[in-house]
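Morning, everyone. Have a look at the model on screen.

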Amino acid sequence: KLELIDDPRRYTLFEVSSKKKVPDREVAGFEFPLRLQSQWPESAKLRFELKVRPSGVIKVIGFVPGVRSETKAIAVSPSTSCREVIRLALRKFKVKDDSSKYCLLECSSRTAVERIVGEGEYPLMIQSQWKEQNAFHLKLAPVVRRRSSKSSASSDTEISLLPSSHPSSPPSGYQPPKSSADLETLRAENASLWVELESLRAKAARLENLEETVSTLRGAYESLQESVAERETVERKERVKLEEEIEVLRQMNDSLLASSELDGGGG
């Protein structure tokens, strides 16, 4: 969509909730985002986010016919294979050709000896083990032919190859392609995990609703306490006023009694 010349392995898709208590979940490579989205509950408030994995930059010098020799910096992930780097490099050099015609070579800055990087190797891992300023070269792959019994000579160009001193095993955390049986097992496990996740999300939603209810009740209780306090204050004022009126009436009554006694004594 963005039409960037970039390594897709540098990116990963996450399922993110707008609710703070729901953790982000990385979408597995065998999952289908549209299917996942169709299963989202409305209360979950989920979305997909594209995030960048830890990665690095390798520099590739192009020696491609018809293209000016220059160096290109290519951002790749630790799990990006040599073949994938070649495809990216060709796009960087704007070469529209079959990537299988090209190879990536590791060139020693000390001896200038070139070694073809195996397709199962990982250039970023190789670069991380360099103790000197070596370089990667992009060139046309040599054509290897078997010598015919009728001919004892070969006209193919020879390239000095050194045995690989780098591990061909993938980096830690890299998931190799799965078989269909493994994928089915993983899908079943993922379905089970999805059910558990939905259960946890439902519990989190209920807990959040419960917290909201408790907060509402707490607010109502505090409002009721304020109302009771105000009512008590009003009643206290009314009681004081009533007592004052009673006292006034009592004084008036006493004054009338005294006046009556005086009138009776005078008669």
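Start with an open sheet of 3 strands, in the order S2-S1-S3 and with antiparallel pairing. Strands here are DSSP runs of E, at least two residues, numbered from the N terminus. Two of them pair if DSSP finds at least two bridges between them. The edges are S2 (25-26) and S3 (46-52), each pairing on one side only.

Now S1, residues 11-17. S1 pairs with S3 in the antiparallel sense, over 7 bridges. Take Phe 14: its bridge partner in S3 is Glu 49.

A word on provenance. This is a predicted model: local features need pLDDT of at least 70, side-chain atom pairs count only at pLDDT 80 or more, and totals for chains, interfaces and linings use all residues. Residues are numbered from 1 along each chain as its sequence is written, and side-chain values use heavy atoms, with hydrogens and water left out.

On to the cysteines. Cys 107 sits in strand S6, residues 102-107. Is Cys 107 buried or exposed? Buried, at a relative accessible area of 11%; the cut-offs are under 20% for buried, over 50% for exposed and partly exposed in between, with a 1.4 Å probe and protein chains only.

What does Cys 107 touch? Leaving out residues up to four places away in sequence, its contacts (heavy atoms within 4.5 Å) are Ala 112, Val 113, Glu 114, Asn 134, Ala 135 and His 137. Ala 135 is 28 residues from Cys 107 in sequence, yet the C-alpha atoms are 5.3 Å apart.

How many disulfides? The count is 0, taking a disulfide as a pair of cysteine sulfur atoms within 2.5 Å. Cys 103 is in none: the nearest cysteine sulfur, on Cys 82, is 8.0 Å away. Cys 103 is buried too, at 6% relative accessibility.

Methods. Helix = DSSP H or I, 4+ residues; strand = E, 2+ residues; numbered from the N terminus.
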